[in-house]
Amino acid sequence: MPELPEVEALKDFLTEHLTGHEIVRALPVAISVLKTYDPPLTAVEGREVTAVRRYGKFLALATEGGPHLVTHLARAGWLHWKDPLPSGVPRPGKGPLALRVALETGAGFDLTEAGTQKRLAVYVVADPAEVPGIARLGPDPLADDFDEARLGELLAGERRRLKGALRDQSLIAGVGNAYSDEILHAARMSPFKLASSLTPEETARLHEALRTTLTDAVERSRGLAAGRLKAEKKTGLRVHGRTGEPCPVCGDTVREVSFSDSSLQYCPTCQTGGKPLADRRLSRLLK
């Protein structure tokens, strides 16, 4: 799933390639991708893109005098920039193509989604805050005012484990499964640690790990073409998706805990005092 660093990089890429250009066609290939109907998708056609903004994991294209085109790439969605776009009109079918946006230059982008669980979402709204997922977002962890005190306030009284708390978009915007693993590894904390139990020193350590991990990931992605962002994300991960490999910090074997629809990875030596965590597949940790 694209998370804050990749979506931030996509925002920068689209700002460079879309701003100042006119959308001449917005074509839904998979009707299920559209989550709004008023204003219609055609309301963005004939309008210039004035800005591209990120809200957590959401991308929003602002158009001059018109609505915003907002998308959430979900778990298996992606944006593919094409210059030029293929000629002809794509036909609805069983392929991954969900939406095509064409510019007056002949360039544009496709939104695609792999797999059978179609969760990629596109909204056309007067204000991004009208999108329910954006309206409920917590603070952005890269915002200037997201300091240790703010993190402490958010975690105070949280009866969930750290892994679940970090992934909650209404608590902190933009962090998903992969970067929550990376943040906790950098902070040397167990994913099962109770969020409200952190001492001031631990809160400071988690804050530093959160900001540094996300900032470094954004910097690695900055300037890359959209098609290279997925590969860059994978190369930068130290524990997530690396079950069975040696930890790059201490050399211990990276372990995994599986759940019904996801998994987490961690280093026992760095994070849990050398003790493996119980692999509770039906745990309610991530709910």
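Me: Where is the place of Pro 39, and what kind of peptide bond joins it to Asp 38?

Reply: Pro 39 sits in the loop between β1 (22-28) and β2 (47-55); helices (H or I, at least four residues) and strands (E, at least two) are DSSP runs, numbered from the N terminus. The bond between Asp 38 and Pro 39 is cis, with omega at about 5 degrees. A cis bond also joins Asp 83 and Pro 84, again with omega of about 5 degrees, and Pro 84 is in the loop between β5 and β6 (97-103). Please bear in mind that this is a predicted model, where local features need pLDDT of at least 70, side-chain atom pairs count only at pLDDT 80 or more, and totals for chains, interfaces and linings use all residues. Residues are numbered from 1 along each chain as its sequence is written, and side-chain values use heavy atoms, with hydrogens and water left out.

Me: Why is Ala 74 called buried, and what is its phi?

Reply: Its relative accessible area is 7%, and buried means under 20% (exposed is over 50%, partly exposed in between; 1.4 Å probe, protein chains only), so Ala 74 counts as buried. Ala 74 is in the loop between β4 and β5 and has a positive phi of about 55 degrees although it is not a glycine.

Me: What makes Arg 188 partly exposed?

Reply: Its relative accessible area is 47%, so Arg 188 is classed as partly exposed. Arg 188 lies in the loop between α5 and α6 (200-221), and its phi is positive too, about 60 degrees, although it is not a glycine.

Me: How do you know that β8 is mostly covered?

Reply: Of its 5 residues, 5 are buried. Ala 121, Tyr 123 and Val 125 are on one side and Val 122 and Val 124 on the other, with both faces covered.

Me: How do you know that β4 and β8 pair?

Reply: Two strands pair if DSSP finds at least two bridges between them, and 5 bridges join β4 (residues 68-72) to β8, so these antiparallel strands meet the rule. In one of the bridges, Val 70 partners Tyr 123.

Me: What makes the chain as compact as a globular protein of its length?

Reply: The chain has 8 helices and 10 strands. Its radius of gyration is 20 Å, close to the 19 Å that the globule rule gives for 287 residues, so it is as compact as a globular protein of that length. The radius is taken over C-alpha atoms, and the rule is 2.2 Å times the number of residues to the power 0.38. Buried residues make up 51% of the chain, and the C-alpha atoms fill a box of roughly 60 × 35 × 35 Å along the principal axes.

Me: Which residues lie nearest the centre of the largest pocket, and how do its lining residues divide by class?

Reply: Met 1, Lys 57, Arg 75, Arg 167 and Asn 177 lie nearest its centre, out of 41 lining residues. Those residues divide into 14 nonpolar, 12 polar and 15 charged (Ala, Val, Leu, Ile, Met, Phe, Trp, Tyr, Cys and Pro count as nonpolar, Asp, Glu, Lys and Arg as charged, and the others, Gly among them, as polar). The largest share of the lining, 3 residues, comes from α7. On a 1 Å grid over the protein atoms alone, a pocket is an open set of points where a 1.4 Å probe fits, with protein on both sides within 12 Å along at least five of seven lines; lining residues have an atom within 4 Å of a point.
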